[in-house]
Amino acid sequence: MNHLPFLDLPAILSAGGTVRLPGSKSLSNRILLLAALAEGETEVRDLLKSDDTDRMLEALAQLGIRVTPAGEGAITVHGCGGKIPVKEAQLFLGNAGTAFRPLTAALALAGGAYHLSGVPRMHERPIGDLVDALRHLGADIECLANEGYPPLQIRPAALNATAATVPVKGNVSSQFLTGLLMALPLLYRTVTVEVVGELISKPYIEITLATMGRFGVDVAREGWQKFTVQAGSRYKSPGVIYVEGDASSASYFLGLGAIAGGPVRVEGVGADSVQGDIRFADALAAMGARITMGPNWIEAAPPLNGSLKGIEQDCLAIPDAAMTLVPVAVFAKGLTKLTGIASWRVKETDRIDAMANELRKLGGTVETTADTLTVYPPANLDELHCAEIETYDDHRIAMCFSLMTLATPLRILDPGCTAKTFPNYFDRFAEVTTAVPVIAIDGPSASGKGTVTQRVAEALGWHYLDSGALYRLTALAARKAGVDWNNEAAVAHIAAHLPVHFAGGLTFLGDEAVDDQMRTEEMGIGASTVGALPAVREALLLRQRAFRQAPGLVADGRDMGSVVFPDATTKVFLTASAAVRAERRYKQLMEKGFSAKLQNILQDLEDRDARDAARSVAPLRQEADAKLLETSHLTIVQAVNQVLDWSGNKAS
Ligand SMILES: O=C(O)C1=C[C@@H](OP(=O)(O)O)[C@@H](O)[C@H](O)C1
Ligand SMILES: C=C(OP(=O)(O)O)C(=O)O
């Protein structure tokens, strides 16, 4: 599991390949609960292993349901035949709606005392409409903090034996109707659920009915209005049951296939799926993507000619996958308006605000209302820029924004939040994407690496990063602000907010071109001093990674291959003897008309080498995977050609 505070994603050039999907969250948690309530043993195969299913499994264990391993990706649930063994328990259900809502319903009718709680956000997610329906049936449920919200205390109650119908509202979440339907067989009498008003997320009710059917309970229905569970309905184990791949998880890869070259194929869901979120593929097709489908797979590729086009899409039936249309829309021509998404506001976070805020951080243009979100794609993708993406403990925000790497590198905060439904999402993502290549050239001061790096970048038509310049600029900015170079916190603050930009071959700090000021020996010492401070290196990390833009980057520094771009496609350690470097620096200074003493330069270089090699953070050394380029006896052209040769790229 991923507990990193952040994950920096490089920009990507393209995506293609096949992804085997993890199991469906919606199916996994329904199957687990029904297998627990059923008579007999159920072997569940391809179960999703994630936070949400772990919460359900933990709850079932506490309720006395025995679950035993049954080989790779499979478990056996020993059903209780409708009689939950443990009559008193405190259950923590995290932020799993598919655990919280159905367990509330089942336990309210189970005749025990149960305390149900979740993460703070779960206590802000409404459950009042389900509680009202269960109270109508005679259940004793207390909302312990705020009426209509968890945490809940359920107590044994004399259930109302005469209520033949139970009304439930379904305009906030379909999980209320789902929970009620799944629990009704515990009443052992005929009850009809009447849906009051609008029902959202309808396809999830189909998943519920289909799963109940697999466990032997057929629900009679009148459209979307009435659902009747007959007396005598009992869950019976189907023996072995397979969990389909997750159609919502598929959306990220299909979205990628549609925008980034493709094709990308997902395996585990397809035309035969019971999950409504496969209809996300229709929305992509409406945007012009090429979609093909088999019974158990879906493939997406961009339009053959031209680009995707914006659409207006009613998302009421695909609330989860619809979020993926937001990043996809950025790469389309014309605006995309998503409607019917009011429920986004009561999910893992307020998803309308979260998606809009984070897209704006990258430079995107978004408009929102209470129940719509409109994306205005930029005229030019260059308008988008690197930023830190807040994920609000919402797996889908983290996964959605990974698609934005087709435009810019970015930082995902708390990437581990994908564990709610897709623990190793970013590994799968890396497997089907090709990151922008980086040639990392590290080496000591005055080795000539700056010149070689620039020439390699020019030859390839790639971007160029002079990372040393960022350290020099930090030292210069600190000096201008009167901040001591050893004041770590203050210098790190300056580094994080450095108003730097590079234009016309010049380096600007604010409005001032500072190339001459930063290229002095003194600022060289400043760079090495501030560069030894871990907080400063940390503050400059994302700024450096932001340079990794298509078609490629050639980066010059001291920790390019080891720290900043550990996945660099080519790593070079470029050096020369101290004597040769001192001579080169001496000549440079003479040419610029500065006076200097060769012996002093040599001494300074040797001191700096020692300081750089000895520092505890990112010490200067040749990494095991870097190729050594000793340039003492090479011309610049020879050195450039050697790097080009190692990188496998030809000059453009
Ligand atoms: O029943 C289900 O499995 C789900 C129903 C949907 O919720 P709403 O009905 O609250 O929209 C969906 O967003 C959620 O991820 C899973
Ligand atoms: C809304 C979601 O989850 P939950 O099952 O907790 O409602 C989701 O997975 O997007």
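## Contacts around F253

Two residues are in contact when their C-beta atoms, placed from the backbone, lie within 7 Å. By that criterion, and not counting residues up to four places away in sequence, F253 touches V19, V264, V266 and V432 in this predicted model. F253 itself is found in helix α7, which spans residues 247-259. A residue is buried if 20 or more other C-beta atoms lie within 10 Å of its own, and because F253 has 29 C-beta neighbours inside 10 Å, F253 counts as buried. The C-alpha atoms of F253 and L465, which stand 212 residues apart along the chain, are separated by 31 Å.

## Domains and annotation

The domain assignment of the protein gives domain 1 (6-21 + 245-435), domain 2 (25-242), domain 3 (437-462 + 551-652) and domain 4 (468-539). Taken over C-alpha atoms, the centres of domain 2 and domain 4 are separated by 59 Å.

An unreviewed UniProt entry carries the annotation "domain: Enolpyruvate transferase", and this annotation covers residues 17-428.

Although S201 is not a glycine, S201 has a positive phi of about 50°. With 24 C-beta neighbours inside 10 Å, S201 counts as buried.

## The surroundings of ligand 2 and D320

Ligand 2 is surrounded by N95, A96, G97, T98, D320, K347, E348, R396 and T421. This shell divides by class into one nonpolar, four polar and four charged residues. From each of domain 1 (6-21 + 245-435) and domain 2 (25-242), the shell around ligand 2 draws at least three residues.

Within this shell, D320 is listed by UniProt, in an unreviewed entry, for "active site". The place of D320 is in the loop between β18 (312-314) and α9 (325-330), and with 27 C-beta neighbours inside 10 Å, D320 counts as buried. Leaving aside the neighbours within four places in sequence, D320 is in contact with S248, D277 and R396; R396 also belongs to the residues that surround ligand 2.

Helix α2 (residues 51-62) and α3 pack at an angle of about 35°, and their axes are 8 Å apart. In this contact, D52, R55, M56 and A59 in α2 meet T98, A99 and L103 in α3. The residues of the contact of α2 with α3 divide into four nonpolar, one polar and two charged. T98, which takes part in this contact, is also among the residues that surround ligand 2.

In helix α4 (residues 128-136), the residues D129, L130, V131, A133 and L134 are buried. An α-helix has 3.6 residues a turn, so residues three or four places apart point the same way. What covers the buried residues of α4 includes α3, β8, β10 (165-170) and α5. Just after α4, G138 takes a positive phi of about 100°.

## Backbone details

Where do cis peptide bonds occur in this model? One cis peptide bond joins P150 and P151, with omega about 0°, and P151 has its place in the loop between β8 (140-143) and β9 (152-155). Another cis peptide bond runs from G262 to P263, with omega near -10°, and P263 has its place in strand β15 (residues 261-267).

Y188 has a positive phi of about 55° although Y188 is not a glycine. Y188 lies in the loop between α5 and β11 (191-199).

Definitions and conventions: Residues are numbered from 1 along each chain as its sequence is written. Chains are lettered from A and ligands numbered from 1 in the order in which they are written. This is a predicted model: local features need pLDDT of at least 70, side-chain atom pairs count only at pLDDT 80 or more; totals for chains, interfaces and linings use all residues. UniProt positions are given in the numbering used here, feature names are shortened, and annotations may be inferred rather than shown by experiment. Domain bounds come from an automatic or database domain assignment. Helices (H or I, at least four residues) and strands (E, at least two) are DSSP runs, numbered from the N terminus. A residue is buried if 20 or more other C-beta atoms lie within 10 Å of its own, exposed if 12 or fewer, and partly exposed in between; C-beta atoms are placed from the backbone. Axes are lines fitted to C-alpha atoms, for helices over the stretch in contact, and angles run from 0 to 180 degrees between N-to-C directions. Ala, Val, Leu, Ile, Met, Phe, Trp, Tyr, Cys and Pro count as nonpolar, Asp, Glu, Lys and Arg as charged, and the others, Gly among them, as polar. A residue is near a molecule or strand if its C-beta atom, placed from the backbone, lies within 6 Å of it.
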